[in-house]
Amino acid sequence: MLGGLLCCVGLVAASFSTSVIELYLTVGFIGGLGLAFNLQPALTIIGKYFYKKRPMANGLAMAGSPVFLSTLAPFNQFLFNTFGWKGSFMILGGILLNACVAGALMRPVESKPTTKAQNKICETELESRVKKGHKNQSLWEKINNYLDFSLFKHRGFLIYLSGNVIMFLGFFAPVIFLAPYAKDKGIDEYSAAFLLSVMAFVDMFARPAVGFIANTKLVRPRIQYFFSFAIMFTGVCHLLCPLAEDYISLVFYAIFFGLGFGSVSSILFESLMDLVGAQRFSSAVGLVTIVECCPVLLGPPLAGKISHQGKQKASNQ
């Protein structure tokens, strides 16, 4: 609920911004903090609610993002043309306030009923352990209760993290540059924005479908290989993108890109939970998202820099 409120405050405050620095603070810091508060509980609570059908639950939960993304590109264009950028930020802030409703629906799993005597014994034992723990714990141990840094000794976690750092350098860049790339090919702005809708529409169905496949007896024990295949498929799609010269070929690229993007997103955190287990998953997600912030932040500017230099060389020739 706090995450939804922060997202709303960040975007509404952005509508009153007068400089890029203020947009960094409102949309980037406040809005980003709100999205972080939304993501962490939503991912963790799936592991609490589900076990047997957890990959399918992850796929269905992740399918909510492309549902919104499929309409967001043309909707943003409509808002910008009708209300301007300030009005667009205010309307989007109101929409993101609905995340508070989703947060209110999340409830902890109830434990099995026990007798009153057993409850009292358990409560007294827990209280005594907590008091002793607080007295003996150092600052580092207290931090380690929330972020389990021993995960950095876990070989599988380190391989997963290093691979994701490389992947996230370019994972979101095609989403950002697909519409501008289409405009450079001479396609009008609404048709270019529609490519994102096509990608998101395919993504919307790919996530639950891949989650269902990942939940099968054949794939679930080999989910790490399935995750690697999804990453390779997405990478091949991007390598073939420069061959798309007209709008029809870009639509086909958007379809396959949506399939790959949805496949990776569907099992991204399921593969992490498979590596570290449900008990350490919340700490693992926290550490992974902290480390992945750097490539996610640097990837699009680096892609923009490379694109700008490529255009300069082409114009000089």
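Tyrosine 24 lies in helix 2. Helices here are DSSP runs of H or I with at least four residues, numbered from the N terminus. The model is predicted: local features need pLDDT of at least 70, side-chain atom pairs count only at pLDDT 80 or more, and totals for chains, interfaces and linings use all residues. Residues are numbered from 1 along each chain as its sequence is written, and side-chain values use heavy atoms, with hydrogens and water left out.

Tyrosine 24 counts as exposed, because its relative accessibility is 57%. Exposed means over 50% relative accessible area, buried under 20%, and partly exposed in between (1.4 Å probe, protein chains only).

Tyr24 is one of the residues of a nonpolar patch on the surface. Leu2, Leu5, Val9, Val20, Ile21, Leu25, Phe29, Leu33, Phe37 and Leu97 also belong to the patch, which has about 1100 Å² of accessible area together. Helix 1 (2-14) and helix 2 (20-49) are the elements that give two or more residues to this patch. Helix 2 gives the most, with seven residues. Patch residues have over 30% relative accessible area and no salt bridge, and nonpolar side chains (Val, Leu, Ile, Met, Phe, Trp, Tyr) are joined within 5 Å. A salt bridge is a side-chain nitrogen of Lys or Arg within 4 Å of a carboxyl oxygen of Asp or Glu. Areas come from the Shrake-Rupley method with a 1.4 Å probe; for residues, only the protein chains shown count as cover.

The structure holds zero disulfides (pairs of cysteine sulfur atoms within 2.5 Å). Cysteine 293 is in no disulfide; its nearest cysteine sulfur, that of cysteine 294, is 6.9 Å away. Cysteine 293 is partly exposed, at 48% relative accessibility. Cysteine 294 is likewise in no disulfide, and has a relative accessible area of 48%, so this residue is partly exposed.

How values were computed. Patches are made of residues with over 30% relative accessible area and no salt bridge: like charges are joined within 9 Å, nonpolar side chains (Val, Leu, Ile, Met, Phe, Trp, Tyr) within 5 Å.
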